[in-house]
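Student: I have a new structure to read. Please walk me through the terms as we go.

Tutor: Gladly. Ask what each word rests on.

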Amino acid sequence: EQAGKGAYDHYMLKEIYEQPQSLRQAIEGRVKPESNELDLEDFPPGTFEDVETIQFVACGTSYHAAKYAVQMCSNRQLSAQAFLASEYATSIPHVDENTLVVGVTQSGETADTLTALRKAQDAGAQTLAVTNVVGSTAARECDDALFIRAGPEIGVAATKTFSSQVVCLALFVEQYYRDRHDGEPSEGSDELLAAIRDLPDVIESVLEQTSVQSVAEAYRDVDSYFFIGRNTGYTVALEGALKFKEITYEHAEGFAAGELKHGPLALVTPSTPIIGIIDGLDSDKTIHSLAEAKTRGAPIIAVTSNPESVRDLADMVLDIPETNLELAGVVANVQLQLLSYHAAAMLSRPIDKPRNLAKSVTVE
Ligand code: G6P
């Protein structure tokens with residue numbers, strides 16, 4: 001087993017560091033190096049032209065990738081929703097032949113997601129699996145499959161597959177937009193595709209930093225960790241908190257930055273550090289939410305490419321390079337993965353196999 005981990009103490013750390021490579025695999029051939037042209041191989045232009053709405057179904061980390069994709073759809077006025085697969089299956093919403101139900105599932109074997117997809121199929125929807133495993137049940141049962149090509153992920157806590165899911169979903173969303181607009185690219189699509197091409201290098205530079213260890217060390221004796229963000233940053237706040245609780249066993253919650261004042265602020269004390277994902281849409285409002293928490297004594301950790309914007313506010317900063325607004329969340333998430341990892345390592349947790357959790361849950 002140690003051999004599989006190479007020089008790393010845990011598969012999770014190895015998989016975090018594999019992200020530049022897994023993203024290169026995800027993008028390979030799909031974004032042309034010189035022209036930034038989009039080519040989703042099995043999905044020629046026009047594939048999604050009859051799709052009027054998309055329903056994503058997923059669990060856990062994959063659900064956060066699905067929510068990320070919904071945000072990207074909303075940013076382009078495309079109709080899409082994300083559902084927790086177990087909830088979707090309980091009472092499926094209206095679907096018809098112009099509804100595409102997309103199951104986002106790393107393993108392709110999660111029972112809740114498979115049930116949701118089967119119910120959607122029975123009700124007449126088109127289905128697509130976005131998965132890492134070529135021969136998986138989801139890939140076989142859905143009408144089509146988009147493979148994220150992340151390579152095997154052993155650590156129970158999903159890391160590299162989240163980044164690959166988001167990037168593949170971003171390409172899918174752009175294709176969906178074009179198919180719904182007579183082949184016209186969405187506004188800013190050139191910049192987005194160029195940023196997707198640069199993303200592996202950007203993440204590589206994040207992985208070279210070491211500042212995250214001192215953040216994990218500084219806040220080891222607190223009550224709770226809160227993560228906040230807006231738009232795609234909100235989904236990353238949810239994912240950051242999920243990862244943190246999965247492997248540290250400490251209490252962590254993710255909130256929409258704007259919702260902090262509608263309830264969670266009552267929990268905020270000097271013993272609840274707030275990790276803010278700042279880069280993205282409406283970053284000034286996220287900074288304002290952090291300022292509200294600081295007034296209540298909370299330590300503030302900012303994940304940002306612009307430390308100057310939080311100079312008087314943040315107790316600590318996790319730097320990320322500047323990138324496309326919609327991709328900043330993926331980059332910020334790498335810092336959050338590292339934060340969870342180092343916090344769990346300090347607590348000597350069994351990082352690759354957290355108690356009570358399984359890599360793939362095949363019962364409902
Ligand atoms: C389990 C794992 C999670 C994962 C979820 C969905 O609960 O512990 O890390 O996000 O299943 O898995 P999937 O294979 O469908 O993406």
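Student: What makes E4 and E5 a pair, and in which sense do they run?

Tutor: Strands pair if DSSP finds at least two bridges between them. Strand E4 (residues 126–131) and E5 are joined by four bridges, so they pair, and they run parallel. In E5, Phe147 is the bridge partner of Thr131.

Student: Where do these numbers and names come from?

Tutor: This is a predicted model, in which local features need pLDDT of at least 70, side-chain atom pairs count only at pLDDT 80 or more, and totals for chains, interfaces and linings use all residues. Residues are numbered from 1 along each chain as its sequence is written. Helices (H or I, at least four residues) and strands (E, at least two) are DSSP runs, numbered from the N terminus. The protein chain has 13 helices and 10 strands.

Student: What sheet do E4 and E5 belong to?

Tutor: An open sheet of five strands, in the order E2-E1-E3-E4-E5, with parallel pairing.

Student: Why are E2 and E5 called edge strands?

Tutor: Strand E2 (80–84) and strand E5 (144–147) each pair on one side only. From one strand to the next, the twist averages 20°.

Student: What packs on the sheet?

Tutor: Helix H4 (residues 60–75) does, touching strand E1 (53–58), E2 and strand E3 (99–105). The direction of H4 makes about 165° with that of E2. Such angles run from 0 to 180 degrees between N-to-C directions, with axes fitted to C-alpha atoms, for helices over the stretch in contact. Helix H6 (residues 111–122) also packs on the sheet, touching E1, E3 and E4. The direction of H6 makes about 165° with that of E3.

Student: How do you know that E3 pairs with E1 and E4?

Tutor: Count the bridges. E1 and E3 pair in the parallel sense over six bridges. E3 and E4 also pair in the parallel sense over six bridges. Thr53 stands opposite Thr99 in E3, and Leu100 has Gln126 in E4 as its bridge partner.

Student: Why is E3 called largely enclosed?

Tutor: A residue is buried if 20 or more other C-beta atoms lie within 10 Å of its own, exposed if 12 or fewer, and partly exposed in between, with C-beta atoms placed from the backbone. Seven of the seven residues of E3 are buried, so the rest of the structure largely encloses it.

Student: Which residues of E3 are on each side?

Tutor: Thr99, Val101, Gly103 and Thr105 lie on one side, and Leu100, Val102 and Val104 on the other. Both faces are covered, as all of these are buried. In a regular strand, side chains alternate between the two faces of the sheet.

Student: Why does Ala58 count as buried?

Tutor: Ala58 has 28 C-beta neighbours inside 10 Å, so it counts as buried. Ala58 lies in strand E1.

Student: What does Ala58 contact, leaving aside its neighbours within four places in sequence?

Tutor: Two residues are in contact if their C-beta atoms lie within 7 Å. The partners of Ala58 are Tyr63, Ala66, Ala85, Gly103, Val104, Thr105 and Thr113.

Student: And Leu128, buried or exposed?

Tutor: Leu128 has 26 other C-beta atoms within 10 Å, so it is buried. Leu128 is found in strand E4. Its C-alpha atom is 6.2 Å from that of Gly103, 25 residues apart along the chain.

Student: Asn231 and Ser348 both have a positive phi. How do their surroundings classify them?

Tutor: Each has a phi of about 55° although it is not a glycine. Asn231, in the loop between strand E6 (225–229) and helix H11 (232–248), counts as buried because it has 24 C-beta neighbours inside 10 Å. Ser348, in the segment after helix H13 (328–346), has 7, so it counts as exposed.

Student: Which residues come nearest the ligand?

Tutor: Gly60, Thr105, Gln106, Ser107 and Thr110, of the 17 residues around it. To be near, a residue needs its C-beta atom, placed from the backbone, within 6 Å. The largest share of the shell, three residues, comes from H4.
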